[in-house]
Each structure stands twice: as C-alpha cells, then as structure tokens.
Amino acid sequence: MAAMTRGSSTLFRRWLTQQCRRRSAAHVALRLLPAAAAATATPQRRWPVRGMDYRASPRAPLHASAARRGPVVQFKLSDIGEGITEVTVKEWYVKEGDKVSQFDSICEVQSDKASVTITSRYDGVIGKLYYRADDVALVGKPLVDIDTEPASDAIQEEDVVETPAMAREEHTHQEIKGLKTQATPAVRRLAMENNIKLSEVVGSGKDGRILKEDILNFLAKQTGAILPPSPFRETASADPPPAARPMPPPPPRVPAGRDSVEPLKGFQKAMAKSMTAALAIPHLGLCDEVDLGRLVELRSELAPEARAQGLKLSYMPFFIKAASLCLARFPVLNASLDEGCQNVTYKASHNIGVAMDTDLGLLVPTVKNVQRLSILEVAWELNRLQELGAAGQLGTADLSGGTFSLSNIGSIGGTYARPVILPPEVAIGALGRIQVLPRFDASGQVTRAHVMKVSWSADHRLVDGATMCRFSNTWRDFLQNPAAMLLHLK
Ligand code: CAO
C-alpha cells in the first residue's frame with residue numbers, strides 16, 4: 001500500500017468512486033458505516049409526480065418544520081445559454097426533506113451540449129422536486145422548491161445557479177461552521193452520498209481544497225477498504241501487448257415481445273443532430289496501414305516512467321501529436337468551410353477531438369492547442385478528459401472548439417471504419433486495432449509486424465485525395481519512426 005503508485009491510486013479512486021456510486025454501495029456502507037447506511041438504505045425514496053404538490057401528500061409531515069422557516073423559494077431553471085430550451089435531469093443529489101446550504105449541488109442536468117451542475121443559492125430544506133431523474137426539464141419552469149431559512153438572501157423569481165462542469169474548480173465552495181471549505185460539487189456529492197461531513201476532512205488541494213482523493217482516503221480509513229488488484233501492477237513486469245478493453249454487454253432495454261419508444265435526449269440527441277448535418281459533407285475516404293513496431297517498443301520503454309508520475313501513456317498521445325505535426329504541414333485539414341462554400345478559415349490552433357466511448361454515449365472532447373504540447377502533456381490532458389468522461393462530467397469547454405478529430409475504435413476492437421466528419425471540421429481519422437501480422441521487411445524476409453489500419457475521411461469540397469494521401473503518408477512515417485517526431489518538437 002505504501003508503495004502504491006499514483007497510477008494505481010487513480011484506478012483505486014475510480015474503483016472506489018464506482019463502488020460508492022453503485023446502488024449496491026448502500027450495502028457496503030451498511031456494513032462498514034452504520035450511520036451512512038441508515039440514511040441511504042431508507043426504502044421510502046419515492047419521487048414526486050410532475051406537477052403534483054407533494055406537500056399536500058401524506059408525506060407532508062416531512063415539512064412540518066416549514067412553519068418555522070423562511071419563505072419557500074421556487075427555483076426555476078434559468079437560461080443556460082446557447083439557445084438551450086430543455087435539459088434532461090440526469091441525477092438528483094438531494095431528496096425531499098434534505099437540508100442544503102448555499103452552493104450545495106442540487107442536481108445534474110444535461111443538455112445536448114454539456115452536463116451542468118445546479119447548485120443552491122440558499123440555506124434551507126428541500127421541498128418539492130418537480131422532475132424525476134431522466135425527465136426533460138424546461139428552461140424557465142420550476143425545478144425545485146426550497147424552504148429557506150429566515151436568514152437566507154432575498155427571494156428572487158428565477159434562482160437557479162448553474163455551474164459549467166469545467167468552471168467548478170474555480171467557483172464552488174461551501175461554508176461549514178464558519179470555515180470556508182472548498183470542494184467541487186462532485187466531491188461534495190461523494191461526501192454526501194457517504195454521509196461524510198466536509199468539515200471533518202482535511203483537504204490536500206490548493207488552499208486546503210478538498211479533493212475526491214481526500215474523501216476516498218477518509219472513506220478508506222473508515223471502512224478499512226483493501227486496494228483492488230491494479231492492472232498496472234499486473235502488466236508492469238511483462239511487455240504488455242496492447243489489449244482491447246473488455247466491454248460489458250449492454251443491459252437489455254426492450255422487454256421481450258414488445259416494442260418500446262423512447263425520446264432521444266442529451267448527447268444522443270446531439271449526435272443525431274451533428275451526424276445529420278455531416279450528411280451534407282461529401283466524404284472522401286482513404287485507408288492505409290501503419291507498422292507500429294517501433295512505437296510499441298518505445299511506448300513500453302516510456303510507459304513505466306509515465307506510470308511513476310501517475311500517468312497512463314497509451315498510443316493515443318503519439319497519434320495525436322503526429323497528427324498535429326502533419327496539420328502544420330497540411331493546414332487545409334485543420335480548416336473549416338463556411339455554409340455557402342465561399343470562404344475557408346485556417347485554424348491557428350490544433351484542437352484535436354478524440355472520440356470517446358462513455359456511459360453517456362459517444363462524446364468528442366478536444367485536446368486543445370496540441371501544436372504547443374509535448375507528448376507527455378497530451379497524455380496528461382487525455383487522462384484528464386478520460387476521467388471526466390468516465391465520471392460523466394465533461395463540460396462545454398472540453399466538448400467544443402475541435403478542429404480535427406481522431407477516433408480510436410481499435411481500443412475496442414475494430415479494424416477498419418468509415419468515420420464521419422464532425423462539422424465544421426473537414427477531416428477525421430479512425431484507428432483500427434493493432435494486430436501482430438506477417439509482413440515483408442526491406443530485405444524480403446517475413447517479419448512479425450504490429451500493423452494498424454487507419455481510415456481517413458475528408459471533406460472533398462475542400463480537400464483532394466492527393467492531399468489526404470500525403471497527410472496520411474507523413475502521419476504514418478512519424479509513427480513508423482517515432483524518433484523523427486523529436487526533431488519537430490518545440
Ligand atoms: N489497438 C490495440 N490496442 C489499443 C489500441 C489499438 N488501436 N488503442 C488502445 N489500445 C490499448 C491501450 O494501449 C490500452 O492498453 P494498455 O492498458 O495495455 O496500455 C488499452 O487498449 C485501453 O486503452 P484506452 O482506451 O484506455 O486508452 P486510449 O488512449 O488508447 O484510448 C479513447 C482512449 C478515449 C480513445 C478510448 O478509450 C475510446 O473511448 N475509444 C473508443 C472510441 C470510439 O467509440 N470511436 C467510435 C466513434 S464513432 O461512433
């Protein structure tokens with residue numbers, strides 16, 4: 001345990017977070033944290049029906065203390081901007097009768113552009129929840145009632161505070177017993193789910209900020225949790241062959257013998273919209289294969305060093321950096337075309353979108369300004385985006401501004417793909433699975449090669465096949481001889 005690397009601690013954190021999030025975590029807490037269990041295992045968690053005044057229901061005694069409180073504030077979902085008129089309520093962090101303080105997370109909502117945490121502006125007790133999880137909430141309509149404490153600020157008509165996922169670090173805080181305790185909504189939610197008082201946790205972040213790690217360490221100390229086996233340790237000694245990720249089969253959603261109709265929501269709706277727009281682009285396709293033998297060797301040399309720094313170094317950072325070096329030579333692939341096909345904008349930044357398979361569906365967060373980043377910096381950024389993606393916390397800042405995209409379908413197992421361009425970008429590459437295959441070397445001998453197929457799509461209104469092919473050749477050459485990239489790094 002003492003020798004635990006930051007890498008394995010990241011995995012541990014992820015594992016422990018998942019454990020905490022799962023409904024069965026109530027049982028873990030039940031066994032190890034009796035107080036927490038009492039709160040989480042209460043079987044009466046019934047959601048109010050939309051439009052129904054719950055205080056008129058038999059559960060009204062929950063609010064018996066309301067008479068001693070200040071007025072009831074009706075939070076309305078305020079304008080989130082970007083023309084968003086509706087959002088999906090992904091998760092409630094509170095239930096009726098819960099006490100909340102200012103800046104406590106109320107719920108997570110998801111538009112077709114980003115996930116947003118709604119936080120409280122008042123101290124008080126949660127009254128009516130107007131939606132269930134997964135309902136569509138409308139901008140300008142009530143979201144939740146709060147029976148405020150008399151000292152709370154003046155009541156306003158429209159009073160939802162929304163915090164874009166990426167702005168959380170800077171803007172969220174919580175007052176506890178006169179001390180300013182800083183923590184992100186996700187951290188406070190984790191604490192809340194496990195009945196941990198933030199005031200009892202020592203923050204190891206900047207200015208005493210409480211990090212997720214602090215909560216998990218606190219929880220681990222209380223529960224005596226044992227570190228799960230670390231995949232990093234398992235593969236550390238061997239030369240790890242790149243392996244496809246095991247994916248659990250999706251849960252069956254259609255009851256046998258009956259069709260079911262569901263509205264498209266959130267990111268799925270966004271995918272439908274952007275892919276329909278992509279149909280207007282005449283796609284040019286080009287495929288090639290890359291022998292990644294040297295890169296496989298180089299990565300296995302560098303991975304332990306990266307791991308020691310708490311970083312997972314996959315092949316992606318090399319693919320991304322090589323693409324950026326090529327975009328510098330072929331700027332037309334890092335451009336966009338206006339609607340009337342009158343003007344081309346050549347983008348200064350190489351913001352490389354990475355197709356990511358998440359529980360929320362396909363997301364394409366972008367690694368920004370790759371032209372200025374080292375391979376290690378790209379890896380850090382990718383690790384950060386993957387962690388946010390896994391936690392369903394990618395915000396607008398990370399999901400917008402892409403200028404070129406890569407889709408590593410090979411990490412799941414595909415060989416070829418026909419990637420669809422994400423407008424307003426003009427090109428995308430899909431990377432297949434690295435396979436060990438026989439190939440001839442320069443002297444005609446059959447050798448064991450690490451072959452990856454790459455499939456490019458480009459907007460044929462702007463990019464011709466010859467340019468796409470030259471770009472692909474250059475990218476391939478960088479990856480077949482990764483040391484050559486050194487010459488171009490700043
Ligand atoms: N061939 C073989 N193995 C590969 C591989 C490939 N092309 N790409 C990655 N791997 C290996 C990695 O090296 C890693 O193995 P180790 O643990 O031994 O290092 C393992 O697969 C898992 O990698 P990863 O997926 O965690 O990390 P990554 O940086 O390679 O990829 C990401 C990140 C976000 C691209 C990937 O997780 C993902 O989501 N891929 C799916 C993309 C997708 O859905 N595309 C379709 C879009 S169109 O609908």
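The following numbered points describe selected features of this predicted model.

1. Overall composition. The protein contains 14 helices and 22 strands. Of its 490 residues, 45% count as buried. Among the contacts with a separation of 6 or more, residues 24 or more positions apart account for 66%.

2. How helix packing is described. Two packed helices are described by the angle between their axes and by the distance between those axes.

3. Helix H10 against helix H11. The crossing in which H10 passes H11 is right-handed.

4. Residues between H10 and H11. On the H10 side, the residues in contact are Met316, Pro317, Phe318, Ile320 and Lys321. On the H11 side, they are Ile375, Val378, Ala379 and Leu382. By class, this contact has 8 nonpolar residues, no polar residues and 1 charged residue.

5. Helix H10 against helix H13. H10 also packs with helix H13, which runs over residues 465-480. Here the angle is about 135°, and the axes are again 9 Å apart. The angle makes H10 oblique to H13. H10 passes H13 in a crossing that is right-handed.

6. Residues between H10 and H13. From H10, the contact involves Phe318, Phe319, Ala322, Ala323, Leu325, Cys326, Leu327 and Arg329. From H13, the partners are Phe471, Thr474, Trp475, Phe478 and Leu479. This contact divides into 11 nonpolar residues, 1 polar residue and 1 charged residue. Phe318 deserves attention when the two contacts are read together: it is listed in the contact with H11, and it is listed in the contact with H13.

7. Two residues of H10 and their accessibility. Is Cys326 buried or exposed? Its relative accessible area is 0%, so Cys326 is buried. Cys326 is also one of the H10 residues that meet H13. With a relative accessible area of 55%, Ala328 is exposed. The C-alpha atom of Ala328 is 9.4 Å from that of Ala348, and the two residues are 20 positions apart in sequence.

8. Cysteines and disulfides. How many disulfides does the count give? The count comes to 0. Two cysteines may be described individually. Cys326 is buried, at 0% relative accessible area. Cys341 is partly exposed, at 38%.

9. Positive phi at Cys341. Cys341 is located in the loop between strand S13 (335-337) and strand S14 (344-346). Its phi is positive, at about 55°, although Cys341 is not a glycine.

10. Positive phi at Asn369. A positive phi, near 50°, is also found at Asn369, which is a residue other than glycine. Asn369 is placed in the loop between strand S18 (366-367) and H11. Its relative accessibility is 19%, and the cut-off for a buried residue is under 20%. Asn369 therefore counts as buried.

11. A cis peptide bond. Which residues does the cis peptide bond join? The bond links Pro423 and Pro424, and its omega is about 10°. Pro424 belongs to the loop between strand S19 (404-408) and strand S20 (427-431).

12. Arg299 in helix H9. Helix H9 covers residues 293-308 and includes Arg299. The relative accessibility of Arg299 is 13%, so this arginine counts as buried. Arg299 and Phe318 are 19 residues apart along the chain, and their C-alpha atoms are separated by 9.2 Å. Phe318 is one of the H10 residues that take part in the contact with H11.

13. Arg121 in a loop. Arg121 is found in the loop between strand S5 (115-119) and strand S6 (124-129). Its relative accessibility is 30%, so Arg121 counts as partly exposed. Between the C-alpha atoms of Arg121 and Val100 the separation is 9.3 Å, and these residues are 21 positions apart in sequence.

Notes: Residues are numbered from 1 along each chain as its sequence is written. This is a predicted model: local features need pLDDT of at least 70, side-chain atom pairs count only at pLDDT 80 or more; totals for chains, interfaces and linings use all residues. Side-chain values use heavy atoms; hydrogens and water are left out. A crossing is left-handed if the near helix is turned anticlockwise from the far one by less than a right angle, and right-handed if clockwise. Helices (H or I, at least four residues) and strands (E, at least two) are DSSP runs, numbered from the N terminus. Contact means heavy atoms within 4.5 Å. Ala, Val, Leu, Ile, Met, Phe, Trp, Tyr, Cys and Pro count as nonpolar, Asp, Glu, Lys and Arg as charged, and the others, Gly among them, as polar. A disulfide is a pair of cysteine sulfur atoms within 2.5 Å. Buried means under 20% relative accessible area, exposed over 50%, partly exposed in between (1.4 Å probe, protein chains only). Axes are lines fitted to C-alpha atoms, for helices over the stretch in contact, and angles run from 0 to 180 degrees between N-to-C directions. Angles under 35 degrees count as roughly parallel, over 145 as roughly antiparallel, 65 to 115 as roughly perpendicular and the rest as oblique.
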